[in-house]
Amino acid sequence: MIPAQLPLSGEGAPPRFRLLSALSYCAPLLVNGVALPFFPVWLALHKFSDHEIGLILAVPMVVRVLVAPVVAMYADRMKERADVLVFSGALSLLTAIALYWTTTFWPVLIVYTIQGATFAPYVPVVESIVISGVRRWGLDYGSMRVWGSIAFIVSTLVGGQLIGRWGGEMVLPVMVFGFVMTVVMAFYCPRIGPTRRRGTPVDIPAATGSSLRQPHLLALLIGVAIQQSSHAVLYAFASIYWRELGFSGTEIALLWSGGVAAEVTVFFLSRQLSRRLNAWTMIRFGAAMCVCRWILFPMHWGFLGFFLLQCFHSFSYAFVHTGVQRRIVASVQETQESSAQGAYFFYNGMFMGLMTIAAGYIYAWLGLASYYVMALVALAGLGLIVYAFYLQPQRVVSGGQTREAS
C-alpha cells in the first residue's frame, strides 16, 4: 500500500488559516511567557518555601494531565474543536483574577490547581487544529508554531521590564491580560469542521488496532516526557537563583527570551531541517544536548554564559518537540489527532509534575548540584527514545535491508 502523500503548496487551505492559527498559538504563550519565569518570583515574594513552591507548581501539572486527554478525546468528537477554547480561556481568566485574593499556601494551591485544570486543553486543541492543517493542505507546522514562541519572548521581556520597575506584584496583572487574549483568540481560532479519516497514516503503514497503542509511539512519548521533565529545576528555581546572583528583572527576562529565541530559530528553519534531518535524528540529538545542558548549568558562567546555555533550549526542547510532532503525523490518523496530542500532553505533564514536586526537595537538599540529577533524568529519557527507535516498524528497501523512518 502506498502511503498518503501531503500536498506541498498549501492550496485549498481556508483563507487566513495560517494567520489565525499563528495568533491562536500566541494567546496561551503570552500567559506562559510570564507565568513560567516569574510566577515562582511572585511566590517567593509572598514568602513561600522551596517545598511549597515546588508543590504549588507541580500539583496543577498533575491535574492538567488528567484533564487534557479527556477533553482532547471529547474535542475529536465535536463538530468544532475550537469551541473548547472559549470555555478553557474564560474559566482560566476567572482563576487568574481569583489569585488577587489568595496569598497563603492552601488558597494559592487550590486556585492555581483549578487554573491548571481549566487551561489544560487549550494548547493541545490548538495544536491538533494546526496539525490538521499540516495533514490536509501541506502547511508548514514551524511557520505557524513560531509565532507562539515570539509571543512568549515579547511577554517575557515586557513582564521582566514591569517586574524590574514595580516588583513581583506585576505578575498577576500581566497574566490576567494574557488570559483575556486567550478568550479573544478562542473566538477567532480557525473553524475547519470535525476531524476526518484520510484512510492511511502518513509515512508508515497503518498499524493494527488503535494507532495510539503502537509500542514504539508509546515508548517515544514516554521517553520524551522523561527527558522534558528534566527541565523542572530550571523552570521552578532558575529565576530565583538568578535574582540571588544580582541579575535584574530585565536580565532574567533576556535569559528566558534567549532560550525561546533559539527555539524560534528552529521553528523558522523547520522545513529546511526536515529536509536534512529525519525526526528520529532531531529527537535523539536534542535529548543528548539536554544532558550536556544540565551538566554545564551549575557552573557560574555570568550573564553571557547563562545566555548561551539558555540557547541550548533550541535543542533540548525545539528539536525534540518538532521531531515528535512529525512522528505523530506519521503514526496516527487525523481522527485521533486531538487524542494523540492529549496523550503527548498527558505524559509530558505527568512526568513534569512529579519531577517538579521532587525538584522542590532536591533543590533544597543539593542546591545547584540538583542539575546533575536532571542530567541523569535526561539520559534515562534518551535511553528510552533510542529503545523506541528500535521498536518501530521498518520499511524494507532493496537488498532486504531496512532504513530509518522519518
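1. The coordinates come from a predicted model, and the remarks below should be read accordingly.

2. Cavities. The count of cavities of 30 Å³ or more comes to 2. For the largest cavity, the volume is about 1,300 Å³.

3. Lining of the largest cavity. In total, 48 residues line the largest cavity. Those that lie nearest its centre are Asn32, Leu36, Arg64, Tyr235 and Phe345. Helix H1 gives the most to this lining, contributing 8 residues.

4. Serine 24. Helix H1, which spans residues 17-45, also holds serine 24. Is serine 24 buried or exposed? Its relative accessible area is 1%, and because buried means under 20%, serine 24 is classed as buried. Once neighbours within four places in sequence are set aside, serine 24 is in contact with Tyr122, Val126, Met185, Cys189 and Pro190.

5. Isoleucine 97. Helix H3 covers residues 83-98 and includes isoleucine 97. The relative accessibility of isoleucine 97 is 33%; this residue therefore counts as partly exposed, a class that falls between the cut-offs of 20% and 50%.

6. Nonpolar surface patch. Which residues make the nonpolar surface patch? Isoleucine 97 is one of them, together with Phe87, Leu91, Leu94, Tyr100 and Trp101. The patch has an area of about 710 Å².

Notes: Residues numbered from 1 in each chain as written. Predicted model: local features only at pLDDT ≥ 70, side-chain atom pairs only at ≥ 80, totals over all residues. Heavy atoms only, no water. Helix = DSSP H or I, 4+ residues; strand = E, 2+ residues; numbered from the N terminus. Buried < 20%, exposed > 50% of the residue type's maximum accessible area, 1.4 Å probe, protein only. Contact = heavy atoms within 4.5 Å. Patch = residues over 30% accessible without salt bridge, like charges linked within 9 Å, V, L, I, M, F, W, Y side chains within 5 Å. Areas by Shrake-Rupley, 256 points an atom, 1.4 Å probe, with all protein chains shown as cover. Salt bridge = Lys/Arg side-chain N within 4 Å of Asp/Glu carboxyl O. 1 Å grid on protein atoms, 1.4 Å probe; cavity = no way out; pocket = protein on both sides within 12 Å on 5 of 7 lines; lining within 4 Å. Points joined across faces, edges and corners; volume = space filled by probe spheres on them.
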